Amino acid sequence: MERRFEQVSRVEDTNDKYNGWMGFIASALVTSNYTENGWGLTRAPEHITKRLQERLHRNLEVKKIVTEGTCSSAEDQGDC
C-alpha cells in the first residue's frame, strides 16, 4: 500500500491526484480482498473449477475446428 501512496503523491495535476486518491481509497478500504500489492488472487471453489474444466474439455472434443477449409473433431473427420 505504501507504494501506491507514493505513486499518487507524486501526481502533479490536482484533478488526476484527486482521482488517484479516490480510486485508491475505494479499492483499498472498501474492497475486502484488496492487498498491499493490489487485487489479491483468490481460488474458486473446486466444484466450480471442476465443472468448468469438464465443460471445456467436452466442448473441445465435440466442436469442429475449422482450419484452412477443412474441419476435424473427435466425432467427424473430413470437410465441413
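How exposed is W21 in terms of relative accessible area? W21 is partly exposed, at 27%; the label covers values between buried (under 20% relative accessible area) and exposed (over 50%), using a 1.4 Å probe and protein chains only.

## About the model

This is a predicted model, where local features need pLDDT of at least 70 and side-chain atom pairs count only at pLDDT 80 or more, while totals for chains, interfaces and linings use all residues. Residues are numbered from 1 along each chain as its sequence is written, and side-chain values use heavy atoms, leaving out hydrogens and water.

## The overall layout

Let's start with the whole chain. The protein chain has 3 helices and 5 strands, in the order α-α-β-β-α-β-β-β from the N terminus. Helices (H or I, at least four residues) and strands (E, at least two) are DSSP runs, numbered from the N terminus. Of its 80 residues, 11% count as buried.

## A meeting of rings

Now for the aromatic rings. Rings of Phe, Tyr and Trp (its six-membered ring) pair if their centres lie within 6.5 Å; planes under 30 degrees apart are stacked, over 60 edge-to-face, and the rest tilted. By this rule there are 3 aromatic pairs. One of them joins W21 and F24 edge-to-face, with 6.3 Å from centre to centre and 80° between the planes.

Both residues sit in helix α2 (residues 14–30); because they are 3 residues apart there, about one helical turn separates them. F24 is buried, at 4% relative accessibility. Ring pairs also link F5 with W21 and F24 in a cluster.
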